[in-house]
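Hello,

Here is the structure we talked about handing over. Please open it, and then read the notes below.

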Amino acid sequence: MVRRTCLVVLLFVTTILTPLDGAQDIFSILKPVGSPVGSVGRKKLFVTRVGQCAGKKNLPVYVPDMRIAAHNRTSYVVSGEVYFRENIPSYRLSVAIKQCDDMRATVNCRPFLSNIVNTDGCALLQASGTMYGEYLQNFRPPLKCPFWNGTYVMGPTLVDDGLVKYLPGSGSTYWEVRMTGRIRERLMYCVVMQLNVRPKKSSSNRN
């Protein structure tokens, strides 16, 4: 059974949609200053890649590229696995966001926000009433600290367009979100998510 979520993947959305001081979602920082919030109805979110950072395959947590597949003519699903190569009792996470003109040439991406999170990852997983709570339930075994050496599997998860209201730009604007987790100074995981917001086709705007 496909579940609907605000976005895909465990460590990723948990990281991105972290409440600031228990109040505000992090992606709200992306709202253009002085501009109205974008309309979900006129835009569509595309997740083009979720997977391990380049050159980081040997970290204690390994996330092979998630599978992205069509669900129907207008929607798609993402599924995949997260491999824990050792037990992880707790971790601190951080996020950096880059804005890109073309994901085929990410070397030209520009820093947009850096280190917008540096907090207790386990506390985020335990929080109640969060936007990411429903999709976390789609992992087996459940995602909660401590993590044990083994494989955590996310079943097919329907990508929701709700996140586009936080992302300025459309069409040629791409986003690269890099999420890292550390225990003290030791890097435990590094995951990249690449996103694109595009205008919906005129036929999909009709009620």
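**Salt bridges**

Arginine 186 has a relative accessible area of 44%, so it is partly exposed. Keep in mind that this is a predicted model. Arginine 186 forms a salt bridge with glutamate 86. The closest N and O atoms of arginine 186 and glutamate 86 are 2.9 Å apart. Arginine 186 sits in strand β14, and glutamate 86 sits in the loop between β7 and β8, so the bridge ties together parts that are 100 residues apart in sequence. Glutamate 86 is partly exposed too, at 26% relative accessibility.

How many salt bridges are there? The count comes to four. Here are two others.

Glutamate 81 pairs with arginine 67 in a salt bridge. Their closest N and O atoms are 2.7 Å apart. Glutamate 81 is in strand β7 and arginine 67 in strand β6 (residues 67-70). The two are 14 residues apart, and the pair links distant parts of the chain. Is glutamate 81 buried or exposed? Glutamate 81 is buried, because its relative accessible area of 17% is under 20%. Arginine 67 is partly exposed, at 42%.

Arginine 110 and aspartate 101 also meet in a salt bridge, through their side chains. The N to O distance is 3.1 Å. Arginine 110 is partly exposed at 35% relative accessibility. Aspartate 101 has a relative accessible area of 53%; this is over 50%, so aspartate 101 counts as exposed.

**The fold in numbers**

The protein has 207 residues, and 47% of them are buried. There are three helices and 14 strands. Take the contacts between residues at least 6 apart in sequence: 70% of these join residues at least 24 apart. The accessible surface comes to about 10600 Å². Carbon and sulfur atoms hold 49% of that surface.

**Disulfides**

A search of the whole structure finds three disulfides. In general, a disulfide is a covalent bond between the sulfur atoms of two cysteines. Number the bonded cysteines in sequence order, and the pairing reads 1-6, 2-3, 4-5.

- Cysteine 53 is joined to cysteine 190, with 2.0 Å from S to S. The pair links distant parts of the chain, 137 residues apart. Cysteine 53 is in the loop between β4 and β5 (61-62), while cysteine 190 is in strand β14. The angle about the S-S bond is -80 degrees, and the link is left-handed. Cysteine 53 is buried, at 2% relative accessibility. Cysteine 190 is buried, at 2% as well.
- Cysteine 100 and cysteine 109 form another disulfide, with their sulfur atoms 2.0 Å apart. This link is right-handed, with 110 degrees about the S-S bond. Cysteine 100 is buried at 1% relative accessibility. Cysteine 109 is buried at 11%.
- Cysteine 122 and cysteine 145 form a disulfide with a sulfur separation of 2.0 Å. Cysteine 122 belongs to helix α2. Cysteine 145 belongs to the loop between β11 (139-140) and β12. They are 23 residues apart, and the pair links distant parts of the chain. The torsion about the S-S bond is about -90 degrees, so the disulfide is left-handed. Cysteine 122 is buried, at 7% relative accessible area. Cysteine 145 is buried, at 17%.

**Nonpolar cores**

The largest nonpolar core has 35 residues. Which members touch the most others? They are Val82, Tyr91 and Phe147. Several elements each supply at least two residues of this core: β4 (43-52), β7 (76-84), β8 (92-100), α2 (121-126), β12 (150-159), β13 (174-183) and β14 (186-199). Strand β14 gives the most, with six residues.

Leave out residues up to four places away in sequence, and phenylalanine 147 touches Phe84, Glu86, Asn87, Ile88, Tyr91, Leu125 and Tyr152. Glu86 in that list is also the salt-bridge partner of arginine 186.

There is a second, separate core of five residues. Among them are Cys53, Leu59, Leu187 and Cys190. Cys53 and Cys190 are joined by a disulfide, as noted above.

Best wishes

Key
Residues are numbered from 1 along each chain as its sequence is written. This is a predicted model: local features need pLDDT of at least 70, side-chain atom pairs count only at pLDDT 80 or more; totals for chains, interfaces and linings use all residues. Side-chain values use heavy atoms; hydrogens and water are left out. A nonpolar core is a set of buried Ala, Val, Leu, Ile, Met, Phe, Trp, Tyr and Cys residues joined through side-chain atoms within 4.5 Å. Buried means under 20% relative accessible area, exposed over 50%, partly exposed in between (1.4 Å probe, protein chains only). Helices (H or I, at least four residues) and strands (E, at least two) are DSSP runs, numbered from the N terminus. Contact means heavy atoms within 4.5 Å. Accessible areas come from the Shrake-Rupley method with a 1.4 Å probe; for residues, only the protein chains shown count as cover. A disulfide is a pair of cysteine sulfur atoms within 2.5 Å.
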